[in-house]
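Here is a quick briefing to read with the model open beside you.

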Amino acid sequence: MTKTRLLEELAQLDVALAAGALVLTPNYSSSMQLQNNWCRYALSLQTSRVVATPAILAIDLWLAQLWQQLALHINAPLLGAQVLEPTQELLLWRRVIRDTEAGALLLNIDGTAESTREALRLLRQWQIDLRVLSNQVRNNVDSDAAPDDREIFLQ
């Protein structure tokens, strides 16, 4: 992008931000880069050495802020909960699996945790009710046989 084109884009961004626009970026790094470019542009137009922080945010930070604002204004138990980050979710799966009877026999708890997380995601994506799966397993169980993967998953 040429310098002239960049200045034109920043001028359009400046007008939009002054009108109350919010700019969402895919990640923190790109939000900081855009903020820095806009700040340099805004400072070049003014004699002041200070500009207001522009409304340029990474989308994950913006969503977290919205959740916090909602939680402050509405008294609902769900709002006190937090969505787990992928690493947190995986750690929780590892702990749950490790603490099961079947987990004690596993050689690769990490791999099982990842597979279990993916299995639950697919069940939700395909809108398969865990109660239905549980009933199918219960109806097909041979009491003398070792538990199959579905039984262990449901535990």
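Helices here are DSSP runs of H or I with at least four residues, and strands are runs of E with at least two, numbered from the N terminus. You're looking at a predicted model, where local features need pLDDT of at least 70 and side-chain atom pairs count only at pLDDT 80 or more, while totals for chains, interfaces and linings use all residues. Residues are numbered from 1 along each chain as its sequence is written, and side-chain values use heavy atoms, with hydrogens and water left out.

**Nonpolar patch**

- Leu22, Leu24, Ile59, Leu63 and Leu66 make a nonpolar surface patch of about 390 Å².
- Helix α3 (residues 59–73) gives the patch its largest share, three residues.
- To be in a patch, a residue needs over 30% relative accessible area and no salt bridge; like charges are joined within 9 Å, and nonpolar side chains (Val, Leu, Ile, Met, Phe, Trp, Tyr) within 5 Å.
- The areas come from the Shrake-Rupley method with a 1.4 Å probe, and for residues only the protein chains shown count as cover.
- Take Leu66, which sits in helix α3: it counts as partly exposed because its relative accessibility is 35%. (Buried is under 20% relative accessible area, exposed is over 50%, and partly exposed is in between, using a 1.4 Å probe and protein chains only.)

**Salt bridges**

- Side chains of opposite charge can pair when their charged atoms come close.
- The cut-off used for a salt bridge is a side-chain nitrogen of Lys or Arg within 4 Å of a carboxyl oxygen of Asp or Glu.
- Searching the whole structure turns up six salt bridges.
- One of them joins the side chains of Arg5 and Glu8, at 3.5 Å from N to O.
- Both Arg5 and Glu8 belong to helix α1 (residues 3–18), where they are three residues apart, about one turn of the helix.
- Arg5 is partly exposed at 40% relative accessibility, and Glu8 is partly exposed at 39%.
- Glu9 joins in too: Arg5, Glu8 and Glu9 are linked in a network of salt bridges.
- In helix α5 (residues 109–125), Arg121 and Glu118 are also three residues apart, about one turn of the helix.
- The side chains of Arg121 and Glu118 meet in a salt bridge of 2.5 Å, N to O.
- Arg121 is partly exposed with a relative accessible area of 41%, and Glu118 is partly exposed at 35%.
- Another salt bridge pairs the side chains of Arg131 and Asp129, at 2.7 Å from N to O.
- Arg131 counts as exposed at 61% relative accessibility, whereas Asp129 is partly exposed at 31%.

**Helix α4**

- Helix α4 (residues 86–98) has 13 residues and reaches 18 Å from its first C-alpha to its last, close to the 18 Å expected at 1.5 Å a residue. (The expected span is 1.5 Å times one less than the number of residues.)
- Leu90, Trp93 and Ile97 are buried in α4. They cover an arc of only 60° around the axis, so they lie on the same side of α4. (That arc is taken from the directions from the helix axis to the C-beta atoms.)
- The buried residues of α4 pack against α5, with contact meaning heavy atoms within 4.5 Å.
- Arg94 is in helix α4 as well, and its 25% relative accessibility makes it partly exposed.
- Leaving out residues up to four places away in sequence, Arg94 touches Ile109, Asp110 and Ala113.
- Arg94 and Arg138 are 44 residues apart in sequence and 25 Å apart in space, C-alpha to C-alpha.
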